[in-house]
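These are my notebook entries on one structure.

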Amino acid sequence: MIPPAFDYVAPTTLSEAISLLSQNGDAKILAGGQSLIPMMRFRLAAPALLIDINRLADLEYIREDGGWLKIGALTREAMIDGSSLVRERYPLLADTARVVADPLVRNMSTIGGNLAHADPANDHPATMLAYGAQVVATGPQGERVIPVSDFFLGPFESALSADEILTEIQIPVPESNSGGAYIKLERKVGDYATAAVAVQIRLDENGNCAYAGMGLTNVGLTPIKATAAEEALKGQALNDSAIREAARLAAEAAEPESDHRGSAEYKRHLVKTLSVRALRKAAGRANGGNS
Amino acid sequence: MSKHHITLNVNGTPVEADVEARMLLVHFIREALNLTGTHIGCDTTSCGACTVHLDGKAVKSCTIFAVQADGGRLMTVEGLAQNGNLHPIQEGFREEHGLQCGFCTPGMMLSAVALLQQNPNPTEEEIRWGISGNLCRCTGYVNIVKAVQYAAQKMSTAEVEPAAEMVPQA
């Protein structure tokens with residue numbers, strides 16, 4: 001399938017990219033292209049202009065700075081997956097980068113695109129909700145920070161303005177006794193999640209839950225922050241009954257629809273089961289375990 | 001609609017062309033360069049039959065525009081054999097019966113070579129992970145895994161001639 005005709009520019013600076021974006025109403029940013037190009041081939045998207053930001057090499061980085069893990073928007077999934085910093089300190093992010101699409105797609109696809117596309121089936125949104133992350137949007141007026149919990153407005157609709165580019169993702173550096181996990185059920189490698197659950201927790205000195213973040217993938221029109229489950233976990237020892245209660249609340253927060261991946265009832269049940277598993281895994285990691 | 005002049009290195013040979021912005025890399029490879037070893041399978045970024053190496057990374061050429069490869073270094077399946085000698089991965093697929101219909105084979109081999117460059121001695125699980133973006137509907141993957149193991153063994157014990165993408169440009 002051949003996409004409809006379009007104009008193409010490959011700017012070499014971010015300011016050039018932003019000015020092109022603000023001057024052209026019907027322009028799209030081309031990052032990894034692993035969602036946009038298929039949509040264009042299916043003619044679900046037909047932008048008049050593609051602004052290819054792949055030449056902006058200074059948007060590819062992973063570093064800790066001032067209490068945040070800062071990830072350049074153009075950072076490829078494969079680079080996140082291969083980062084020892086991410087593997088050692090951010091197991092939830094490592095879990096996530098490893099199950100986005102397949103290894104070939106991960107060589108191209110970017111974390112910024114995974115978020116900016118605002119597809120509720122994408123994996124990073126739930127993970128960033130669980131972390132309490134924020135994103136940097138850069139536009140003609142400069143930079144602004146948007147909490148991820150305010151970022152997803154609807155299916156394929158984000159808080160980015162038409163002339164803004166998502167340039168950086170910021171994840172709070174986890175304090176000690178933190179752990180996280182992302183568990184995804186997919187029919188096969190490369191498919192979207194039937195459902196997936198992201199969990200990030202921190203334990204206090206008594207082993208009780210001091211922070212809990214939970215995000216749900218592909219069980220609603222946007223990625224879902226399981227707020228009631230998070231609240232229920234706070235101050236609790238992460239024993240079986242607390243975990244099961246949180247999982248029940250997470251399943252209640254899900255708004256799945258029946259489709260070829262399963263019935264709504266099945267998906268809701270799946271959220272509960274995956275929540276139990278992800279919470280147990282996160283708790284194990286917060287206690288110093290690595291599996 | 002914009003047209004673009006692109007210059008790239010394909011299997012060690014410099015190539016120049018004018019391409020429409022919307023031309024997919026796989027169509028450029030097959031139709032402009034006549035390198036038909038790169039296959040089009042699903043057209044939905046699922047099957048991996050169109051896998052090539054762009055700047056040393058295995059990617060799906062149906063999900064990149066040709067214009068994006070401007071200035072890049074491309075290797076297709078035709079770049080694996082050197083001076084008439086099969087690459088160890090090609091030998092492995094022949095010796096271990098790693099193909100039946102052969103449609104997925106070029107993509108499988110390029111994914112496998114990328115894996116072996118990063119991880120010269122992979123476990124079976126790591127091989128299966130490394131080729132998980134490539135679909136085969138004939139073999140059940142068992143002999144493909146054996147073919148990759150054959151290549152890993154051969155590449156670790158023999159001095160191998162570098163594939164086209166490693167040859168420095170003249």
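Which residue in strand 10 of chain A is the bridge partner of Thr138(A)? I find Ile165(A) in that place.

**Conventions.** I am working with a predicted model, in which local features need pLDDT of at least 70, side-chain atom pairs count only at pLDDT 80 or more, and totals for chains, interfaces and linings use all residues. Residues are numbered from 1 along each chain as its sequence is written, and chains are lettered from A and ligands numbered from 1 in the order in which they are written. Helices (H or I, at least four residues) and strands (E, at least two) are DSSP runs, numbered from the N terminus.

**Strand 10 of chain A.** I looked up the pairing of this strand, where two strands pair if DSSP finds at least two bridges between them. Strand 6 (residues 134-139) of chain A pairs with strand 10 of chain A over five bridges, in the antiparallel sense. Strand 5 (residues 68-72) of chain A also runs antiparallel to strand 10 of chain A and is joined to it by five bridges. There I noted Gln170(A) as the bridge partner of Lys70(A). For burial I counted other C-beta atoms, placed from the backbone, within 10 Å of a residue's own: 20 or more is buried, 12 or fewer exposed, and in between partly exposed. Strand 10 (residues 165-172) of chain A has seven of its eight residues buried, so it is largely enclosed by the rest of the structure.

**Sheet of chain B.** I traced an open sheet of five strands in chain B, in the order 2-1-5-3-4 and with mixed pairing. Strand 2 (13-20) and strand 4 of chain B are at the edges with a single partner strand each, so one side of each has no neighbour in the sheet. On average, neighbouring strands of this sheet are turned by 40° against each other, direction ignored. Eight bridges pair strand 1 (residues 3-10) of chain B with strand 2 of chain B in the antiparallel sense. In that pairing I found Thr7(B) opposite Glu16(B) of strand 2 of chain B. Helix 3 (residues 105-118) of chain B packs on the sheet and touches strand 3 (51-54) and strand 4 of chain B, its direction making about 40° with that of strand 3 of chain B.

**Helix 2 against helix 3, chain B.** For axes I used lines fitted to C-alpha atoms, for helices over the stretch in contact, with angles from 0 to 180 degrees between N-to-C directions. The axes of helix 2 (residues 88-95) of chain B and helix 3 of chain B come within 10 Å and cross at roughly 125°. That makes helix 2 of chain B oblique to helix 3 of chain B, since angles under 35 degrees count as roughly parallel, over 145 as roughly antiparallel, 65 to 115 as roughly perpendicular and the rest as oblique. Ile89(B), Gln90(B) and Phe93(B) of helix 2 of chain B meet Thr105(B), Met109(B), Ala112(B) and Val113(B) of helix 3 of chain B; contact here means C-beta atoms, placed from the backbone, within 7 Å. I sorted these residues into five nonpolar, two polar and no charged. In that scheme Ala, Val, Leu, Ile, Met, Phe, Trp, Tyr, Cys and Pro are nonpolar, Asp, Glu, Lys and Arg are charged, and the others, Gly among them, are polar. Buried residues in helix 2 of chain B include Pro88(B) and Gly92(B). The buried residues of helix 2 of chain B pack against helix 3 and helix 5 of chain B. Arg94(B), in helix 2 of chain B, is partly exposed, with 13 other C-beta atoms within 10 Å.

**Helix 3 against helix 5, chain B.** Helix 3 of chain B packs with helix 5 (residues 142-157) of chain B at an angle of about 45°, the axes 11 Å apart. This pair is oblique too. Met108(B), Ala112(B) and Leu116(B) of helix 3 of chain B make the contact with Ile144(B), Val148(B), Ala151(B), Ala152(B) and Met155(B) of helix 5 of chain B. By class I get eight nonpolar, no polar and no charged residues.

**Met108(B).** This residue of helix 3 of chain B counts as buried, with 28 C-beta neighbours inside 10 Å. Leaving aside neighbours within four places in sequence, Met108(B) is in contact with Ile131(B), Asn134(B), Cys136(B) and Ile144(B).

**Between the chains.** I find 23 residues of chain B in contact with 22 residues of chain A. Strand 4 (residues 57-60) of chain B gives the largest share of chain B's side, four residues. That side has six nonpolar, 13 polar and four charged residues.

Note on methods. Two residues are in contact if their C-beta atoms, placed from the backbone, lie within 7 Å.
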